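Colleague: I'm new to reading protein models. Could we go through this one together, one question at a time?

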Amino acid sequence: MCARCGDLLDAPVLESAPSSAGLCRACRLVPPPFVRAVAFGLYQDRMKAAIHALKYDRLQPAAHGLGRMLACAIAQLAAEAPAEMLVVPVPLHRLKHAERGFNQARLLAAYALEALRKSHPEWRLTLASSTLMRLRATENQAGLTPRQRRLNVRAAFSVSDPAAVDSKHILLIDDILTTGATARAAALALVRAGAASVWVATLARARRIHEFRRGASTSFEDAEGDPALPPDSPAATAQAASIYSSQDQPSF
Ligand SMILES: [Zn+2]
């Protein structure tokens, strides 16, 4: 797995780039604005079904068990992350929030913190769910071109009160991480607002390479909606570079 973003590395990547072993193509091309991203498991099978039940069937009690799994993911950071962090769930756009009635990332973060208060009582994690705002409804990117998707997610986030995150260490929480474009955009908004560092924890990691190698469809119908190409194709390299570097340009 990539040491920064947790994406699956394939053997040829490791062999061809011994000097940067341990990092995926995207993280080598443009290092992400977060220190490290961790996940509990893969976005597949029962995990996928459980996340669907929570988000789309609005089965909120599912968040109890999933929150404990998220706590296990966060605990992977215990040895290296700061002793005190603000926990910021990736927000939904207000229209999406109104439609669903709750933000699954906030719900999962709350249950995870409950578990971590018992397992890691010395770790000072404070939920700050109104810190980050989603200015644009980028959750459903189906039907957009790759360029439209990049632009869509780039200016999607803003920090409501920069003084609240200034010099703070942030733990960003979401349910799913696909290519990391959403996590990068959210982390960048926090870093620009003065955050000292941003760490990322999600329940499930969607595997692009894995999907591609199995010859299955590379679309993610309800993940971040990022474009997926064969990971080693020249087009994928160019696309990865443009996706990630585009986020370093000023927001509009
Ligand atoms: Zn990576």
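Predicted model: local features only at pLDDT ≥ 70, side-chain atom pairs only at ≥ 80, totals over all residues.

Colleague: Okay, what share of the contacts with a separation of 6 or more is between residues 24 or more positions apart?

Modeller: The protein chain has 11 helices and seven strands. Among its contacts with a separation of 6 or more, the share between residues 24 or more positions apart is 75%.

Colleague: And what percentage of the residues is buried?

Modeller: A residue is buried if 20 or more other C-beta atoms lie within 10 Å of its own. Out of the 252 residues in the protein chain, the buried ones make up 44%.

Colleague: How many residues does the largest nonpolar core have?

Modeller: In soluble globular proteins, nonpolar side chains tend to be buried together. Here, Leu 70, Leu 172, Leu 190 and Leu 203 have the most contacts inside the largest nonpolar core. Leaving out residues up to four places away in sequence, Leu 190 touches Leu 132, Val 159, Val 165, Ile 170, Ala 195 and Val 198. As for the core's size, the number of residues is 66.

Colleague: Is Leu 125 buried or partly exposed?

Modeller: Leu 125 sits in strand S3, residues 124-127. Beyond its neighbours within four places in sequence, it is in contact with Met 85, Val 87, Leu 113, Leu 116 and Leu 171. Being buried takes 20 or more other C-beta atoms within 10 Å. Leu 125 has 19, so it counts as partly exposed.

Colleague: Which class do the residues in the contact of H3 with H4 belong to: nonpolar, polar or charged?

Modeller: Helix H3 (residues 45-55) and helix H4 (residues 62-75) pack at about 130°, with their axes 10 Å apart, and that angle makes H3 oblique to H4. The crossing is left-handed. Ala 50, Ala 53 and Leu 54 of H3 meet Ala 62, Ala 63 and Leu 66 of H4. No polar and no charged residues take part in this contact, and the six residues there are nonpolar.

Colleague: Last one: how far apart in space are Ala 155 and Arg 136, C-alpha to C-alpha?

Modeller: Ala 155 is in the loop between helix H7 (146-154) and strand S5 (157-159). It has 17 C-beta neighbours inside 10 Å, so it counts as partly exposed. Ala 155 and Arg 136 are 19 residues apart in sequence, and their C-alpha to C-alpha distance is 7.7 Å.

Definitions and conventions:
Residues numbered from 1 in each chain as written. Core = buried A, V, L, I, M, F, W, Y, C linked by C-beta atoms within 7 Å. Buried ≥ 20, exposed ≤ 12 C-beta atoms within 10 Å, placed from the backbone. Contact = placed C-beta atoms within 7 Å. Axes fitted to C-alpha atoms, helices over the stretch in contact; angles between N-to-C directions. Helix = DSSP H or I, 4+ residues; strand = E, 2+ residues; numbered from the N terminus. Parallel < 35°, antiparallel > 145°, perpendicular 65-115°, else oblique. Left-handed = near helix turned anticlockwise from the far one by under 90°. Nonpolar A, V, L, I, M, F, W, Y, C, P; charged D, E, K, R; others polar.
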